[in-house]
Amino acid sequence: MTIDAATLMAYADGELSAEERAEIERALAADPALRAQLETHQKMRVQLGGAYADILDDPVPERLLSAARGPTPQAAEVVDLSARREAKAKWSVREWGAMAASLVGGLVIGLGAMNTQAPLITVTGDGMSARGTLERALDTQLASDEADAVRIGLSFRTEDGGYCRTFELTERGTSGIACRDADGWDIPMTAAHGAQGDIRMAGASEAVLNVVATMIDGDPLDAEAEAAARDADWRVDSR
Amino acid sequence: MVRESDQLRSEIVALLPRLRRFARALTGQQADADDIVQIAVERALMRLEQFQPGTRLDAWLLTIVRNAWLDEARARQRRAKVFADAELGERVGDGGEASAHAKLEANEVRKAMQTLPEEQREAVALVCVDGLAYREAAEVMGVPIGTLTSRLARGREALQRMLGAEQ
């Protein structure tokens, strides 16, 4: 049978059903001229793909990234963690790595500039931990308490049963997550935010909440559970 | 909903390389392409509520890029502005080396693309460069599938004449 040019092109573009493909392939087997035409199509696709392939690997210009991220929404938002989890806000290893790298640089500068004050976060060999005012706030302050240098946001439990809390350093444009361990409060992440402040009523930035969504087990603690956990000194008892 | 729009924004960021590639195939120059992508992204964010969840975000954005480029191309025609053709004059040495040869070939292909009529170029860009299915490409262009395939076929024939003859 004869195969028209449009059908052959559709075949080369992967547009045909299995049945149609089988028919074309029978014709191709019997017709060298048809095979040559197909080869022309395939070569053209390879050439076209190759001619623009480099662009995919180019770094995207910063102006496009910031256009896509857009201005930070200003309206206060009710935090809905279950919806965030459904949105599968998982962080890839690469994003974590990038954040960790930018953090270390930012923190060293931040702490250097603030060396007249006691540090709130120290970088240790295996991560960051809370010190001074931040450590005390994490130990004792409730989300409902008046915020001073530290505002506490959500408190929640992780899958391994420990307690974590989100916090905001009100004077430094930084928010983060602190998790209680035997030695104190370990800080798995922090995020800087702009002067405009994309801080929500819950006291954590978007980036922080997205990470909370990947760590949390169940719902955040309500005020009563938060106070009870604080009164028990954030110790993890067997549940 | 702020939450949904945050999710969409990060998906848009992830699609930026593809949008740049498509815009480059349309405009012929990376600086123009990035201008078009920026305009398109700004438009998309202004109309985020028009995006239908469950439909393809990539096709929606490609449509906005395409329309932004058509607007710009029309405006340029009105101004009778001659496109800066730096790219078209670009040459890569004598070659001989495989990579230089590949660059030269890529350059020839891009040059040939720029000579196609707009409607053929966008059809080729959507199907052969971006890899969309006919149905999706036709939707982006706002035409029936038959129109897409005839533009695609004519575009390919013209490219083949230009590129095939040189080899």
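Chain B contains eight helices and zero strands. The model is predicted. From the N terminus on, the elements of chain B follow the order α-α-α-α-α-α-α-α. Chain B has 167 residues, of which 34% are buried. Among contacts in chain B with a separation of 6 or more, 62% join residues 24 or more positions apart.

The largest nonpolar core comprises 47 residues. Within this core, B:Ala40, B:Leu61, B:Val65 and B:Val124 have the most contacts. B:Ala40 touches B:Leu19, B:Leu61, B:Ile64, B:Val65 and B:Ala68, leaving aside residues up to four places away in sequence. Another core, of 31 residues, lies apart from the largest one. Its members include A:Tyr163, A:Met189, A:Val211 and A:Ile216.

The two chains also meet each other. Chain A contributes 33 residues to the contact, and chain B contributes 35 residues. On the chain A side, α1 (5–12), α3 (32–57), α4 (62–69) and α5 (81–86) each supply at least two residues. α3(A) gives the most, with 11 residues. By class, the side of chain A that touches chain B has 19 nonpolar, five polar and nine charged residues.

From α4(A), the contact is made by A:Arg63, A:Leu64, A:Ala67 and A:Ala68. From α2(B), B:Asp34, B:Val37, B:Gln38, B:Val41 and B:Glu42 take part. The contact of α4(A) with α2(B) has five nonpolar, one polar and three charged residues.

Backbone geometry was also examined in chain A. Most residues other than glycine have a negative phi. A:Asp233 is not a glycine, yet has a positive phi of about 60 degrees. A:Trp234 is likewise not a glycine and has a positive phi of about 60 degrees. A:Asp233 lies in the segment after α9 (223–231) of chain A. A:Trp234 is also found in the segment after α9 of chain A. A:Asp233 counts as exposed, because it has 9 C-beta neighbours inside 10 Å. A:Trp234 has 19 C-beta neighbours inside 10 Å and so counts as partly exposed.

Technical notes:
Residues numbered from 1 in each chain as written. Chains lettered and ligands numbered in written order. Predicted model: local features only at pLDDT ≥ 70, side-chain atom pairs only at ≥ 80, totals over all residues. Contact = placed C-beta atoms within 7 Å. Helix = DSSP H or I, 4+ residues; strand = E, 2+ residues; numbered from the N terminus. Nonpolar A, V, L, I, M, F, W, Y, C, P; charged D, E, K, R; others polar. Buried ≥ 20, exposed ≤ 12 C-beta atoms within 10 Å, placed from the backbone. Core = buried A, V, L, I, M, F, W, Y, C linked by C-beta atoms within 7 Å.
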